[in-house]
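Work through the exercises below with the model in view. Each task is followed by a solution in steps.

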Amino acid sequence: MLLAPKKIKFKKVRKGNTKTKALISSNLLYGNYGIIALESGYIHATQLEASRQTINRHLERKGRIWTMIFPDIGITKRPTQIRIGKGTGKIKYWAFRIQPGKIIFEVKGVSIKKVEQALNSGAHKLPLKVKLVK
């Protein structure tokens with residue numbers, strides 16, 4: 001099941017500035033290993049779920065995985081060949097606005113060899129540059 005908020009106050013969210021530079025720190029809260037973002041952008045709920053499933057599959061469902069981000073921004077899109085005006089479209093997908101230094105996943109309870117392989121395969125599903133942290 002894809003990640004999506006149960007209720008939202010406003011359908012249309014302002015984009016904001018995603019091109020910011022932040023300090024990259026490796027402060028893991030729950031796990032021993034994790035994936036940290038090196039650049040800014042948007043991560044869709046489908047990309048996040050695909051990455052989580054890949055990591056879980058490589059770990060053979062052992063250990064514990066924490067997803068540290070939640071896609072709470074609804075990205076709207078109007079159909080093609082629609083006249084100009086008439087407001088915003090329907091929510092096409094849910095996304096998370098990520099900035100450098102944000103931890104995406106944390107893992108604990110599995111050997112380092114399996115964790116590195118799993119996080120590398122999960123990182124390939126994400127649309128931005130990431131780094132493994134210990």
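**Exercise 1.** Decide whether Lys 134 is buried or exposed, and find its salt-bridge partner.

Solution. Step 1: the relative accessible area of Lys 134 is 61%. Buried means under 20% relative accessible area, exposed over 50%, and partly exposed in between, with a 1.4 Å probe and protein chains only. Lys 134 is therefore exposed.

Step 2: a salt bridge is a side-chain nitrogen of Lys or Arg within 4 Å of a carboxyl oxygen of Asp or Glu. Lys 134 forms one with Glu 116, and their closest N and O atoms are 3.8 Å apart. This pair links distant parts of the chain, with Glu 116 in helix 2 and Lys 134 in the segment after strand 7 (130-133), 18 residues apart. Helices (H or I, at least four residues) and strands (E, at least two) are DSSP runs, numbered from the N terminus.

Step 3: Glu 116 has 35% relative accessibility, so this residue counts as partly exposed.

A note on the source: this is a predicted model, in which local features need pLDDT of at least 70 and side-chain atom pairs count only at pLDDT 80 or more, while totals for chains, interfaces and linings use all residues. Residues are numbered from 1 along each chain as its sequence is written, and side-chain values use heavy atoms, with hydrogens and water left out.

**Exercise 2.** State how many salt bridges a search of the whole structure finds, and describe the one between Glu 49 and Arg 52.

Solution. Step 1: the search finds four salt bridges.

Step 2: in the bridge between the side chains of Glu 49 and Arg 52, the N to O distance is 2.7 Å. Both residues lie in helix 1, three residues apart, which is about one turn of the helix.

Step 3: Glu 49 has a relative accessible area of 9% and is buried, whereas Arg 52, at 27%, is partly exposed.

**Exercise 3.** Describe where Glu 60 lies, what phi it has, and which residue it meets in a salt bridge.

Solution. Step 1: Glu 60 is in the loop between helix 1 (45-58) and strand 3. With a relative accessible area of 44%, Glu 60 is partly exposed.

Step 2: most residues other than glycine have a negative phi. Phi of Glu 60 is positive, near 55 degrees.

Step 3: Glu 60 forms a salt bridge with Lys 114, with the closest N and O atoms 2.9 Å apart. Lys 114 is in helix 2 (residues 112-123) and Glu 60 in the loop between helix 1 and strand 3, so the pair ties together parts that are 54 residues apart in sequence. Lys 114 counts as partly exposed at 29% relative accessibility.

**Exercise 4.** Give the phi of Lys 86 and decide whether this residue is buried or exposed.

Solution. Step 1: phi of Lys 86 is near 65 degrees, again a positive value in a residue other than glycine.

Step 2: Lys 86 sits in the loop between strand 4 (73-77) and strand 5 (90-98). At 80% relative accessibility, Lys 86 counts as exposed.

**Exercise 5.** Classify the aromatic pair that the structure holds.

Solution. Step 1: rings of Phe, Tyr and Trp (its six-membered ring) pair if their centres lie within 6.5 Å; planes under 30 degrees apart count as stacked, over 60 as edge-to-face and the rest as tilted.

Step 2: the structure holds one such pair. The ring centres of Tyr 30 and Trp 66 are 5.5 Å apart and their planes are at 25 degrees, so the pair is stacked.

Step 3: Tyr 30 is in the segment before strand 1 (33-37) and Trp 66 in strand 3 (residues 64-67), so the pair ties together parts that are 36 residues apart in sequence. Tyr 30 is partly exposed, at 46% relative accessibility.

**Exercise 6.** Describe how the axes of helix 1 and helix 2 cross.

Solution. Step 1: the two axes come within 8 Å and cross at roughly 155 degrees. Axes are lines fitted to C-alpha atoms, for helices over the stretch in contact, and angles run from 0 to 180 degrees between N-to-C directions.

Step 2: angles under 35 degrees count as roughly parallel, over 145 as roughly antiparallel, 65 to 115 as roughly perpendicular and the rest as oblique. Helix 1 and helix 2 are therefore roughly antiparallel to each other.

Step 3: contact means heavy atoms within 4.5 Å. Residues making the contact include Ser 51 and Ile 55 of helix 1 and Leu 119 and Gly 122 of helix 2.
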